[in-house]
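Dear colleague,

I am handing over the structure below, and after it I have set out what was found in it. Please keep it open while you read, so that you can look up each place as it comes.

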Amino acid sequence: MTELKEALNSNPYLTDEVKNDMNSNLEVLFNAFPNIDIDYTKDKLRKLQIEALPRLGEYEDVKCSDLNLVRVSRESLEEKDGNNMSMQILLKGLFPNGNSKLDALYNGMTEMIANSLVGGSSFSDEYFICELLEEIINLDGEEFDTMETAYLSGNISLIVPFIEDKVGTNLSNQLFDMCNQNYMRRKTSGQSLFPEIEKYLIEAFYKQNPSMTDTANFDNKLILDPRFFDEEATRYTGLYEVADMYDNLKKNYYVESKSKAM
């Protein structure tokens, strides 16, 4: 940590207050993920710039504007959990997205990692989509942190082959487009595509011939999570239809599986 702190302290663009905050977050990050490349991180810390603006747009709180600049909404800093937002700023500053077709998933992965490190307080559609995708990717016994590993390598595109392996190239691109469109629609107040994306992921899950254990994990992420059906459930209009579709597919899948085993 000494090398990282020295690199951060040499940064001419950040205030002492921000540096102190980042030092704490760096310790949390490297304690959880000690294999992050230190030389890469030192280089990013020396050049990182942060700019606070009144608003970035209705669909984003923290944005990588280029390889070294992170813009953050003052409104989100005031209204949302400060520790979680600070970790997201650090993550996006160190590991900017270099693949525009993964914009939505990148945001979801940022939230996943920040929530795991400093407590869950950021739960967008993209967060839930990434949680379900991780269950699908890990069905073959891949390391549980496949998505985190790609993100923290500084090359988020490493996740693409894992997704394509499960659903194919054409359908993967369709999924990326749908996720980005859903992410951007907050700016235009357009109709949410979240339920349709959920259906897509359910079908992709069952095409992998999941075990009962895999299905139980997927149930917990998709249907049993109370955040889907709480007092803010209006943003998930259509999820009850998704739940019905899932129940029918699950029932048919295990009836067919039992018949084949006999």
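Y106 counts as buried, because its relative accessibility is 5% and buried means under 20% relative accessible area, with exposed over 50% and partly exposed in between (1.4 Å probe, protein chains only). This is a predicted model, in which local features need pLDDT of at least 70 and side-chain atom pairs count only at pLDDT 80 or more, while totals for chains, interfaces and linings use all residues. Residues are numbered from 1 along each chain as its sequence is written, and side-chain values use heavy atoms, with hydrogens and water left out.

Rings of Phe, Tyr and Trp (its six-membered ring) pair if their centres lie within 6.5 Å, and planes under 30 degrees apart count as stacked, over 60 as edge-to-face and the rest as tilted. By this rule there are 9 aromatic pairs. One of them joins Y106 and Y151, which are stacked at 5.2 Å centre to centre with 15° between the planes. This pair links distant parts of the chain, since Y106 is in helix α6 (residues 103–118) and Y151 is in helix α8 (residues 146–152), 45 residues apart. Y151 also counts as buried, because its relative accessibility is 1%. Elsewhere, F205, Y206, F218, Y246 and Y253 form one aromatic cluster.

Next come the helices, which, like the strands, are DSSP runs numbered from the N terminus (H or I and at least four residues for helices, E and at least two for strands). The chain has 13 helices and 3 strands. Axes are lines fitted to C-alpha atoms, for helices over the stretch in contact, and angles run from 0 to 180 degrees between N-to-C directions. Angles under 35 degrees count as roughly parallel, over 145 as roughly antiparallel, 65 to 115 as roughly perpendicular and the rest as oblique.

The axes of α7 (residues 125–137) and α9 (residues 160–167) come within 10 Å and cross at roughly 70°, which means that α7 is roughly perpendicular to α9. In their contact (heavy atoms within 4.5 Å), L133, I136 and I137 belong to α7, and F162, I163 and K166 belong to α9. By class, this contact of α7 with α9 has 5 nonpolar, no polar and 1 charged residues, where Ala, Val, Leu, Ile, Met, Phe, Trp, Tyr, Cys and Pro count as nonpolar, Asp, Glu, Lys and Arg as charged, and the others, Gly among them, as polar.

The axes of α11 (residues 194–206) and α12 (residues 212–222) come within 12 Å and cross at roughly 175°, and these two helices are therefore roughly antiparallel to each other. Here E198, L201, I202, F205 and Y206 of α11 meet D214, T215, F218 and L222 of α12, a contact with 6 nonpolar, 1 polar and 2 charged residues. N209 lies in the loop between α11 and α12, and its phi is near 55°, a positive value in a residue other than glycine. N209 is exposed, because its relative accessible area is 59%.

Finally, D247 is found in helix α13 (residues 239–261) and counts as partly exposed at 42% relative accessibility. D247 and D219 are 28 residues apart in sequence, and their C-alpha atoms are 9.8 Å apart in space. For the chain of 262 residues, 47% count as buried.
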